[in-house]
Amino acid sequence: LKVNFAPYLDDSLQKAGAVFVLTDITEEERLENMRREFVANVSHELKTPLTSIKSYTETILEGMVDDPETEKTFLEVVNSEADRMSRLVRDLLELTSFDSASVKLKYAQHNINRLISNCILKVKVTADQKRQAIVKRLVDEPISAEFDYDKIEQLVLNILSNAIKYSGEEGIIEIDLKSYEKTFDLVIKDNGIGIPEEDMNRIFERFYRVDKARSRMLGGTGLGLSIAKEIAEAHGGAIGIQSVYGHGTVVTINLPYTQGVGNSETNVV
Ligand code: ADP
């Protein structure tokens with residue numbers, strides 16, 4: 001709480017008083033701290049790959065590497081660190097686009113089954129490398145909803161790729177669709193490493209990771225879940241996560257069938 005105090009005396013010197021202005025700065029301060037922490041995180045995340053790129057290129061430029069095999073290995077590191085920076089910048093741009101109220105979603109009717117099939121196709125190569133199975137249990141009849149295709153695809157891909165990343169060889173990833181009157185749930189379940197209880201309430205924070213080293217090694221930016229949450233909320237939906245450490249994780253994405261008020265008559269189920 002910030003207190004401003006101004007003594008007051010009228011011209012005739014008859015009346016005296018004071019003006020107090022009380023301002024609640026806790027919210028202001030909280031936002032400022034969040035902003036500062038975000039900038040510190042971004043700087044750190046960009047600096048790490050840059051340091052590595054710099055040291056490898058310097059070693060090559062100084063002629064310290066004499067065999068082509070080692071040189072190739074060094075260049076591969078430089079290349080993958082540059083990829084990491086690209087991923088980070090892409091995720092940051094995506095995330096900050098939700099900070100301005102101007103984010104415009106391109107709503108249209110889309111078939112949910114098709115969206116899920118396309119997402120599975122995109123992650124299948126990675127899942128196959130770990131011999132993981134992706135089991136899709138959707139409803140048979142065509143079921144459509146109104147959403148921004150690219151955004152919801154990204155949301156689902158973020159959750160699916162986490163399920164793949166944080167599950168072991170031969171893991172099983174299940175996708176279910178639950179339909180309610182006005183909304184539907186997409187439930188993505190894995191039998192992977194799970195999330196410790198004490199980390200659960202911080203998991204949607206920007207850059208928060210249970211195991212920084214593991215996430216980095218698997219190519220994570222620590223922004224996937226924050227982006228997923230922003231996308232769900234921008235659609236008037238929500239995202240929830242349940243997990244048992246050592247056993248697996250269930251992510252539930254809840255989205256409305258239609259967007260905006262007054263068009264609920266067009267609800268397609
Ligand atoms: P990252 O890029 O590190 O994967 P996310 O924002 O997508 O970042 O997720 C944040 C953290 O939440 C991850 O680093 C990981 O520790 C944890 N996490 C997310 N999804 C899962 C999952 N399906 N199983 C286990 N841990 C998960």
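This is a predicted model: local features need pLDDT of at least 70, side-chain atom pairs count only at pLDDT 80 or more; totals for chains, interfaces and linings use all residues.
At the start of H3, the backbone nitrogen of Asn113 has a side-chain oxygen of Asn111 within 2.8 Å. H3 covers residues 112-129, while the ligand has 20 residues around it.

**Helix H3: length and bend**

- With 18 residues at 1.5 Å a residue, H3 should span 26 Å, and its end C-alpha atoms are 26 Å apart, so the two values agree.
- H3 also has a kink of about 50°, centred on Val123, and Val123 is one of the buried residues of the helix.
- After H3 comes Arg131, which has a positive phi, near 50°.

- Along with Val123, the buried residues of H3 are Ile112, Asn113, Leu115, Ile116, Cys119, Ile120 and Ala127.
- In an α-helix there are 3.6 residues a turn, so residues three or four places apart point the same way.
- The strands that the buried residues of H3 pack against are E3 (107-111), E4 (133-137), E5 (144-148), E6 (172-179) and E7 (183-190).
- Helix H4 (149-165) is another packing partner of these buried residues.

**The ligand**

- Tyr166, Ser215, Thr221, Gly222 and Leu225 come nearest to the ligand.
- Tyr166 places a side-chain N or O atom 2.7 Å from an oxygen atom of the ligand.
- Gly222 has a polar backbone atom 2.8 Å from an oxygen atom of the ligand.
- For Thr249, a side-chain N or O atom is 3.3 Å from a nitrogen atom of the ligand.
- On its own the ligand has 530 Å² of accessible area, and the protein covers 97% of that.

Notes: Residues are numbered from 1 along each chain as its sequence is written. Side-chain values use heavy atoms; hydrogens and water are left out. Helices (H or I, at least four residues) and strands (E, at least two) are DSSP runs, numbered from the N terminus. The expected span of a helix is 1.5 Å times one less than its number of residues. The bend at a residue is the angle between axes fitted to the seven residues ending there and the seven starting there. Buried means under 20% relative accessible area, exposed over 50%, partly exposed in between (1.4 Å probe, protein chains only). Contact means heavy atoms within 4.5 Å. A polar contact is a pair of N or O atoms within 3.5 Å; within protein, one must be able to donate a hydrogen and the other to accept it, and residues adjacent in sequence count only if both atoms are side-chain atoms. A residue is near a molecule or strand if one of its heavy atoms lies within 4 Å of it. Accessible areas come from the Shrake-Rupley method with a 1.4 Å probe; for residues, only the protein chains shown count as cover.
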